Amino acid sequence: MKSQEIAVYREIQRNTQMAMKAIDTISDKVYDDKLALHISRQSVKYSELHNEASKQLIAAKAEPYRATHLEDFMLKAGIHYNTMLNTSTGHIAELMIKGSNNGILEMSKILKHNQEAGEKPVALAKQLIDFEEKSIGLLKDYL
């Protein structure tokens, strides 16, 4: 497996892992049942994409992405800070949209810098981007 393919798979892992941790952190603050169901479904899809990227890296005997404790702390602290005074459905949806937009941006940058990555990792990355875009569209209904 080429280094560019590994970079794309690792970014997919990083992106989906952060999304799952964010959803896990924010889910206790969601009081709208429809939104809670939506973000729960999102987490399942992120898990599927994460597992596929992991499977490819393991098959290639490449080192997977591992988040640092500082990254985890910063993510959780940011969510707690941003929901300290406002846990409204609209605010939660806005935070989720911002996270998805950031995920799209980061995946797009990785694809731009790794144009020789190959068909399989690029297809998985584009699947993640498409999923994020659809999720943003659905989350806009909660604003």
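**Pocket, cavity and salt bridges**

Q: Which element gives the most to the lining of the largest pocket?
A: That's α4, with 8 residues. Helices here are DSSP runs of H or I, at least four residues long, and strands are E runs of at least two, numbered from the N terminus.

Q: Before we go on, what kind of model is this?
A: A predicted one: local features need pLDDT of at least 70 and side-chain atom pairs count only at pLDDT 80 or more, while totals for chains, interfaces and linings use all residues. Numbering runs from 1 along each chain as its sequence is written, and side-chain values use heavy atoms, with hydrogens and water left out.

Q: Thanks! How much space lies in the largest pocket?
A: About 460 Å³. A pocket is an open set of points on a 1 Å grid over the protein atoms alone, with protein on both sides within 12 Å along at least five of seven lines; a cavity is a set where a 1.4 Å probe fits but cannot get out, and lining residues have an atom within 4 Å of a point. Points are joined across faces, edges and corners, and the volume is the space filled by probe spheres set on them.

Q: Which residues are the closest to its centre?
A: Out of 23 lining residues, those are Ala22, Leu75, Leu95, Gly99 and Ser100.

Q: And which elements give two or more residues to that lining?
A: Four helices do: α1, α2 (33–59), α3 and α4 (89–113).

Q: How does the pocket lining split by class?
A: The pocket lining has 11 nonpolar, 8 polar and 4 charged residues. Nonpolar covers Ala, Val, Leu, Ile, Met, Phe, Trp, Tyr, Cys and Pro, charged covers Asp, Glu, Lys and Arg, and the others, Gly among them, are polar.

Q: What lines it?
A: The lining of the largest cavity is Gln17, Met18, Lys21, Tyr65, Ala67, Glu71, Asp72 and Leu75. By class, the cavity lining divides into 4 nonpolar, 1 polar and 3 charged residues.

Q: Now charges. How many salt bridges does the whole structure have?
A: The search finds 6, a salt bridge being a side-chain nitrogen of Lys or Arg within 4 Å of a carboxyl oxygen of Asp or Glu.

Q: What does Lys21 from the cavity lining pair with?
A: With Asp72, another residue of that lining; their side chains meet in a salt bridge at 2.7 Å, N to O. Lys21 sits in helix α1 and Asp72 in helix α3, so the pair ties together parts 51 residues apart in sequence.

Q: Is Lys21 buried, partly exposed or exposed?
A: Partly exposed, with a relative accessible area of 22%. Buried means under 20%, exposed over 50%, and partly exposed in between (1.4 Å probe, protein chains only).

Q: What about Glu11, where is its partner?
A: Glu11 forms a salt bridge with Arg14, with the closest N and O atoms 2.8 Å apart. Both lie in helix α1, 3 residues apart, about one turn of the helix. Glu11 counts as buried at 8% relative accessibility, and Arg14 counts as buried too, at 17%.

Q: And Glu52, what does its side chain meet?
A: Lys55, in a salt bridge of 3.3 Å, N to O. Glu52 and Lys55 lie in helix α2, again 3 residues apart, about one turn. Glu52 is partly exposed, at 25% relative accessible area.

Q: Backbone next: what is the phi of Lys61?
A: About 55 degrees, a positive value although Lys61 is not a glycine. Most residues other than glycine have a negative phi. Lys61 lies in the loop between α2 and α3, and it counts as exposed at 75% relative accessibility.

Q: Last one: which residues make the nonpolar surface patch of about 360 Å²?
A: Leu70, Phe73 and Met74 make that patch. Patch residues have over 30% relative accessible area and no salt bridge; nonpolar side chains (Val, Leu, Ile, Met, Phe, Trp, Tyr) are joined within 5 Å and like charges within 9 Å. Areas come from the Shrake-Rupley method with a 1.4 Å probe, with only the protein chains shown as cover for residues. Met74 lies in helix α3 (residues 69–82) and counts as exposed, at 51% relative accessibility.
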